[in-house]
Amino acid sequence: MPVKDLTVSGSPDLKPDFKGENSAANPPAERPAARAQKVGFVSLGCPKNLVDSEVMMGLLARAGAELTRRAEDADVIVVNTCSFIESAQQESVNTILEMAAHKTGGKAKKLIVAGCLVERYRDQIRKDIPEVDAVVGTGELEKILSATGLSSAPAASNSPFVVLNSAANSVLPSRAEGDARAAQGRFSRESWEGAVADLPNYLYDDATPRILATPRHMAYIKIAEGCDHPCTFCIIPQLRGQFRSRRFESVIAEAERLAQGGVREITLIGQDTTCYGEDFGLKDGLALLLEKLAAIEDLRWVRFLYAYPNKITGKLLDTIAGHEKICSYMDVPLQHASASVLKRMKRGGGADVFLRSIAKMRRTIPDLTLRTSFIVGFPGETEKEFEELCDFVREAQFDWMGAFAYSDQDGASAYALEKKLSPREIERRRKHLMGIQRQISKKKKKALVGRKFDLLLEGESDETELLLEGRTAMHAPEIDGKVFVNDSPDGFEPQPGQFYRCQITEAHDYDLVARIL
Ligand code: SF4
């Protein structure tokens, strides 16, 4: 199996020859004379986890390791895990076991498990999977060096890598809301057998080496880590710690450097990007950050994901509407629309409040693309509450929508709630909701036929080499539908990472077909 999902594409910090396995053919002069350790990564879960993988790869590369995409060639395999829901945990365990086979029957000498699963089941992983040599939690990314047996010594002075400056993060402020929740035990892991007592507190900065695993033209920037919200179905606050933001200047410096290196699209991420800056007293921090990023000349698109519904301010909407480079795109996970379910989820809000808020978003940003996600089958969800959600979806007319089946999380407070629904009923409801959205999406996509957009060409389609594939500003990387290109002017030489004007010629339920003009 290839070490999947990580197409190491280099970053502005790196010499051009340092591209995963390609570097083996042409090692940089400052590498140690002894054969470099080959390290392969499997990164599971969300883009936030991907950035952690990129940071760990950067740290390892700076210490002299060579990255490989092939598990068969790796001396060390790192699995960066996800623990969001049961199916993600299962996928993580399956992947660890799959990679363990490269140690027992292959070349690998070390297997390291990192990420959210470690924060939840640290001791159990080591006990139950003896092939695992070391675990690295979400707050201890720098430990990847000692886990692989590499030194953390700074690189030689002529190194292409900058020196990690973790001191910048040693004293982190916090939000009053987070402190209050901490006092109420929101972040406690006492009942979790085998979890370390210390909550993760790490946050990378612009001086941390990082190797992009995304295509060269796009990058994620993690602007904050952790979460202070009390959602009863979620253990991310216990896994990732209290909310903390990166310094404003650090985010800007990183974005400028990425843009200089060829990145044209930046997607800001964090568990909750709309709280950005509150921990160091910044009001409307996300809006200010977007404004500043939009002024970086070489960037073409800037967007952010994961807005918390009641943290969307007028200033944020005005800022999106007022800057061409800020994509008119918002991802606001609402989780449900029935006020009683939302109350049990400890999130607040309800269909009426949300509809008013959506109307305001669309008034302020007329070409807004709106994405959301829901959890279906929360404990005690009645037919009536589910119908409220269905009615809301029909009325809100989202451009993109995801629906997760509720699954019990040991350690989340919803675990103790009564009236659990059967997995079969939950799946029935999830499919029903997705069926409603499919019709909405089909209608919305059909309405785009004939319209012209800027298209970021990504390259050959994954589905067939006869088609090209790209995205418009309506499509966030990796989560939304696709735009297939089946027509272009004579002599057209496609350049992945370039922007082209296109016209939509066909629409499917979720995907579009376009021709390059
Ligand atoms: S906002 Fe809620 S669902 Fe999202 S990470 Fe925070 S606690 Fe979890």
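Predicted model: local features only at pLDDT ≥ 70, side-chain atom pairs only at ≥ 80, totals over all residues.
**Cavities**

I searched the whole structure for cavities of 30 Å³ or more and got five. I then looked at the largest cavity, whose volume comes to about 100 Å³. Which residues line the largest cavity? I listed Phe 84, Ile 85, Phe 233, Cys 234, Ile 375, Phe 404, Ala 405, Tyr 406, Ser 407 and Gln 409. Sorted by class, this lining has eight nonpolar and two polar residues, and no charged ones.

**Ligand shell**

Next I looked up what surrounds the ligand. I noted Arg 186, Cys 227, His 229, Cys 231, Phe 233, Cys 234, Ile 236, Pro 237, Gln 271, Tyr 308 and Arg 347. By class I have seven nonpolar, two polar and two charged residues in this shell. Phe 233 and Cys 234 are among the residues around the ligand, and Phe 233 and Cys 234 are also among those lining the largest cavity.

**Strand S1**

Is strand S1 buried or exposed? I find six of its six residues, 38-43, buried, so S1 is largely enclosed by the rest of the structure. I checked both faces, and both are covered. Lys 38, Gly 40 and Val 42 are buried on one side, and Val 39, Phe 41 and Ser 43 are buried on the other. For pairing, I find three bridges between S1 and strand S2 (residues 66-68), in the parallel sense. I noted Glu 66 of S2 opposite Lys 38.

**Open sheet S6-S9-S10**

I traced an open sheet of three strands in the order S6-S9-S10, with parallel pairing. Strands S6 (218-222) and S10 (301-304) are at the edges with a single partner strand each, so one side of each has no neighbour in the sheet. From one strand to the next, I have an average twist of 20°. How many bridges join S6 to S9? I have five, with S6 and S9 (residues 265-269) running parallel. I also looked up Met 218, and its bridge partner in S9 is Glu 265.

**Barrel**

Last, I followed a closed barrel of five strands, which runs S14-S15-S16-S18-S17 with mixed pairing. With direction ignored, neighbouring strands here are turned by 55° against each other on average. I then took the pair S14 (residues 452-460) and S17 (residues 499-507), which run antiparallel and are joined by five bridges. What stands opposite Lys 452 in S17? I noted Gln 503 there.

Note on methods. Residues numbered from 1 in each chain as written. Heavy atoms only, no water. 1 Å grid on protein atoms, 1.4 Å probe; cavity = no way out; pocket = protein on both sides within 12 Å on 5 of 7 lines; lining within 4 Å. Points joined across faces, edges and corners; volume = space filled by probe spheres on them. Nonpolar A, V, L, I, M, F, W, Y, C, P; charged D, E, K, R; others polar. Near = heavy atom within 4 Å. Pairing = 2+ DSSP bridges. Helix = DSSP H or I, 4+ residues; strand = E, 2+ residues; numbered from the N terminus. Axes fitted to C-alpha atoms, helices over the stretch in contact; angles between N-to-C directions. Buried < 20%, exposed > 50% of the residue type's maximum accessible area, 1.4 Å probe, protein only.
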